[in-house]
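The sequence and structure are shown first.

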Amino acid sequence: MSRDNDTAIRHDWTASEVQALFDAPFNDLIFRAQAVHRAHFDPNEIQVSTLLSIKTGACPEDCKYCPQSVRYNTGLEREPLMDVDAVLSAAREARDAGATRFCMGAAWRSPKDRDMPKVEAMIRGVREMGLETCMTLGMLSDDQTRRLSEAGLDYYNHNLDTSEAFYDQVITTRTYQDRLDTLERVRQAGMKVCCGGIIGMGESDGDRVELLRTLANLPAHPQSVPINQLIQVPGTPLDGVEAPDPLDFVRCIAVARILMPASYVRLSAGRTDMSDETQALCFLAGANSIFAGDRLLTTENPGEDHDSRLMNRLGLRPEPGAAEPRAEAATG
Ligand code: SAM
Ligand code: DTB
Ligand code: SF4
């Protein structure tokens, strides 16, 4: 493993360089990832986000991992777009529980223009509470991207999910290029990009290399990189796929950290299926963000009690809030 200029921000990673990271002895890989991590972040701070599903289920897309697709019978109760007030009271609760970023997710292929005024009001209201805002609403048009940005949205989450080669075995209703196009719109509009993928869908080692390499070779590294472990949901086509070796999952985190040194790497979905020791290794490998609370969008998350015990055992602290309330919030 070459270590020259290891903390440089690069966008020209080759497949063989990334494969060599995956193939390195575990201790060498983790040591290197931790060194890169320390060059950019306080190693004992974890950024904490909270998730809320603002529109649940009945999604027309066919993502084979997803409990919210209308095509699979997962027993999920569908809910229409929430009222703005209900979203704001959930955000207030999240802020009071220590979250600094509030992520709102909708089970849409893309937003409908008639939904935009409500979505914009949610962004303004959450931002005025001093929380960073994140949304994940599917594909965006130019106009929708501009409107979200003007409403003050800090982050847009849109994942590549996997490698381009494996992609059509997971999703057929939109292309990899569609995803890259939305990411480019978001970047051009000046919002921060949250983009990552899922490990444990039956992908090969080479697919993991390509997912992380594609993320790192985007024109700018996503500021936030969620690495999800597949949550297997009965009724979805990917239920029953062999789960990844926990140490291979840790390797994915370490490689993401080395490839994208200054990005937040989020240990995202799947923590309820991981031991505390696996999670601790993920933090050692450079993960520095999590979702708090006992629910992700529709599935379980470890919850406040478990997480604060784990953070205490590891001496980890939540990162202080980064967002300042906007001027209009201070006066109004
Ligand atoms: N509908 C929008 C979209 O797909 O862009 C936003 C919501 S969607 C649920 C956001 C992301 O959640 C997906 O891209 C996927 O990476 C992740 N996700 C969904 N179901 C998952 C599961 N069962 N396990 C792990 N990650 C999952
Ligand atoms: C991301 O990469 N993971 C989060 C967030 N972005 C929106 C979503 C995980 C969803 C897990 C399945 C569910 O709860 O429905
Ligand atoms: Fe719909 Fe998003 Fe789920 Fe795909 S991941 S089915 S687009 S909610």
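How do the residues of the shell around ligand 1 divide into nonpolar, polar and charged? They comprise eight nonpolar, six polar and two charged residues, where Ala, Val, Leu, Ile, Met, Phe, Trp, Tyr, Cys and Pro count as nonpolar, Asp, Glu, Lys and Arg as charged, and the others, Gly among them, as polar.

The model is predicted: local features need pLDDT of at least 70, side-chain atom pairs count only at pLDDT 80 or more, and totals for chains, interfaces and linings use all residues. Residues are numbered from 1 along each chain as its sequence is written, chains are lettered from A and ligands numbered from 1 in the order in which they are written, and side-chain values use heavy atoms, with hydrogens and water left out.

**Ligand 1.** The shell holds 16 residues, the closest being Tyr65, Thr136, Asn159, Asp161 and Ile231; a residue is near a molecule if one of its heavy atoms lies within 4 Å of it. Ligand 1 sits in the largest cavity. A cavity is a set of points, on a 1 Å grid over the protein atoms alone, where a 1.4 Å probe fits but cannot get out, and a molecule sits in it if more than half of its atoms lie within 2 Å of its grid points.

**Ligand 2.** Here 13 residues form the surroundings, with Asn159, Asn228, Leu297, Thr298 and Thr299 the closest. By class they are six nonpolar and seven polar, with no charged residues. Ligand 2 also sits in the largest cavity.

Polar contacts (pairs of N or O atoms within 3.5 Å) of these two ligands include the following.

| Ligand atom | Protein atom | Distance |
|---|---|---|
| Ligand 1, nitrogen | Tyrosine 65, polar backbone atom | 3.0 Å |
| Ligand 1, oxygen | Aspartate 161, polar side-chain atom | 2.7 Å |
| Ligand 1, oxygen | Arginine 174, polar side-chain atom | 3.4 Å |
| Ligand 2, nitrogen | Asparagine 157, side-chain N or O atom | 3.3 Å |
| Ligand 2, oxygen | Threonine 298, side-chain N or O atom | 2.7 Å |
| Ligand 2, oxygen | Threonine 299, polar side-chain atom | 2.7 Å |

The protein covers 88% of the 400 Å² of accessible area that ligand 2 has on its own, by the Shrake-Rupley method with a 1.4 Å probe.

**Ligand 3.** The residues around ligand 3 include Cys59, Cys63, Cys66, Tyr65 and Arg174. Its shell has six nonpolar, one polar and two charged residues, and ligand 3 sits in the largest cavity.

**Aromatic pairs.** Two aromatic pairs are counted, with ring centres of Phe, Tyr or Trp (its six-membered ring) within 6.5 Å. Phenylalanine 41 and tyrosine 264 have ring centres 5.0 Å apart and planes at 65 degrees, so the pair is edge-to-face (planes over 60 degrees apart).

Terms used. A polar contact is a pair of N or O atoms within 3.5 Å; within protein, one must be able to donate a hydrogen and the other to accept it, and residues adjacent in sequence count only if both atoms are side-chain atoms. On a 1 Å grid over the protein atoms alone, a cavity is a set of points where a 1.4 Å probe fits but cannot get out, and a pocket is an open set with protein on both sides within 12 Å along at least five of seven lines; lining residues have an atom within 4 Å of a point. Rings of Phe, Tyr and Trp (its six-membered ring) pair if their centres lie within 6.5 Å; planes under 30 degrees apart count as stacked, over 60 as edge-to-face and the rest as tilted.
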